[in-house]
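Dear colleague,

I am passing on the structure below, and my notes on what was found in it follow directly after. Please read them with the model open beside you.

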Amino acid sequence: MAHGDDTASAAAGSRSPSAASTAAATTTASASASTSRSGGGTHQFVDGGIIYGYRSWYIITGIIGAAVVINLFLIFWAWKSRHALRRQNPSASAVAEPARSRASGNGNVSVRRIPVAILTASRVVAFRRRISAVNGTLLEVFLTVGYLAVMLAFTFNNYGNARSIQKRAGELVVAQFPLIVGLAMKNNAVQLLTGISHEKLNYMHRTISRAALVLTWVHLWALVALNPNILSKTWRSVGLLAGIAQTLLTFLSFKPIRKRFYEFFFLGHVILVFTFLVASYIHVTGSNTRYAKYVWPCFLIWGIDRLCRYIRYLILSNFHAPNKVPAELELVSPDTIRITVRRQFYGHKLLLSPFEGGWTPGKHMFLAFPTIGPIESHPFTIANVAEISAPAVTSASLPTEKKVKENEFELMWIVRARTGFTRRLKEHILLKNKHKIEMGVTDVPLTCQLPIFMDGPYGAPPDITRFETCVFVAGGSGVAYTLPRMRDILNQVSAKNACARRVMFVWAIRHGVHITWIASGLKKAISTVPPGVELIVSIYVTAGCPEDPPELHRSTSIATTDEETDTPNSIDVPNLEDEKDSGAITPVKEEHSRTTSSHLDMKGVSIYDGRPKMHEILEDVVTTAGGAVSVDVSGPEPLVASIRVALSAPFAGPASVLRGMAPEVQLNVEEFTM
């Protein structure tokens, strides 16, 4: 951390270089300065970190400002595209023309396509190419290395003695505190300004935290070099405690530990963060009170976030009496739980509830079940669009839980039961239905009710209303993200707020029985396709259907011994293997599943055996598209990786765009890397 004997004693422009050097030589060892005049301008060097703490914020502000400008441009671009669509007012026959029948280009290079080609090249290089060693995109690696390099350059710039290095490193560390804490919060100003959701900002939270840890070690090394007896003063001893807490925080936050021991990580994170901030405040105020301005705002930022979340708990969860409005849990397949909740929304202010007549498809909420895991809260994507569940029905003859109130919406989540928290949910359902299981009842669903606390919705799903072709790809429970997004874009087209003319929905599942998860929502989407829109729905069954999907009804064992690791704070998805398909894709035969035959025969849905060949599918979509293409994907890493690779291929590359052989393609990936 920074020390208080860091002072500046330079008067820019009022002394000669020799006078400044004399003053620096006679001052205390804790401060020195020099001025140099060049071309009529004055450059000031300050021994100590104060000026570099400010300069680091100039860089941070510049990065955030650039993201804000890009966000505003994208908003304007989407508005302009929708506005142009309304002005065209095409006839029904023109609108109904399938996008794939339009000309894609003549292969000649056009200067007008250069901006889109540059945009395409930047997307391929920055977002779609990944470095497997660190499991990150090139942009993420560049930001990490670049940020650390700038911080180290500030630390070692101009002065090489241990005293100045120790001061600068400490000042730079403490200057990052508000940003580190702010980026970790679910409610933060950066998300509102940039349109980047909190789970993506969390990557920068970890990046800056790791850079700050390196500076902390540099600070400690320089301090020991100056005075090996670093425990001579209380504030120094507390500073060492803060450094230890910061080190543990950083190492316990690495992905393998977060994924495998999330409950331990979460609890440890809370304790260590509190220890780190309190110890840091004592350390910097013991050194010099001017550094406290970087620490106390962290408590304010954290408090505002907590306040917003608790207010949402009160509004959405009936916090003081959660049993009055419980959630209904249903085991819809041996490893899948469907959670449904009904709530009323009246369009509260943003601080209280972000709902305004519902929620934006693609957002997620944090769910907590106090009787299952008192301190656990996990994010799950809302798997349906905002629709009033039914007209108000308040007849006294109906049970309380069956009454439908005015402005009442039904929220649904699809949760894969693996290990940890999700497995405990499954075990609770089985326990509550133990009598049915023992009696061999198979025609009644396994359900139960649980008190629930909800916080959200969160996330910033990208606006795809300006795209002419929209592709939605999901694996397993990733359909909770893509189906509502697809239904929303169809609704937006009906309201003349979107430009889509072709919509493709691709879903890969292990067993045909999984279609029951979303059968109702999928039927609604197919039945409400607006005129002039081509909808293609393809479902790929990768492992056929089990002989008897309701095997869970016959099971008498409540506990399981699943060895798969749960992914805490993430949406559970099946671990689809990534080996390539062999042979042609053929339709699934009806005898593969007795229980889902009605869903397999769903009108307007094509069902295939095997895994989707995403390269072939996307190449056909892109090369036949008449306008900009959006691809939304949510699912296991192998599926997402195959799509990134496909959209990095020449058919969607900048050369094809420049020649008019391919349109602009935007890839939107929903993934939790908490």
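Of the 674 residues in the chain, buried ones make up 49%, where buried means under 20% relative accessible area, exposed over 50% and partly exposed in between (1.4 Å probe, protein chains only). This is a predicted model, in which local features need pLDDT of at least 70 and side-chain atom pairs count only at pLDDT 80 or more, while totals for chains, interfaces and linings use all residues. Residues are numbered from 1 along each chain as its sequence is written, and side-chain values use heavy atoms, with hydrogens and water left out.

The chain holds 21 helices and 17 strands, taken as DSSP runs numbered from the N terminus (helices H or I, at least four residues; strands E, at least two). Six of the strands form an open, parallel sheet in the order S15-S14-S13-S12-S16-S17, with two strands counted as paired if DSSP finds at least two bridges between them. Strand S15 (605–609) and strand S17 (665–670) stand at the edges with a single partner strand each, so one side of each is left without a neighbour in the sheet. Within the sheet, strand S12 (residues 469–475) and strand S16 (residues 629–634) run parallel and are joined by six bridges, and Ala474 has Ser634 in S16 as its bridge partner.

Elsewhere, Ile70, which lies in helix H2 (residues 50–88), is exposed, with a relative accessible area of 51%.

Best regards
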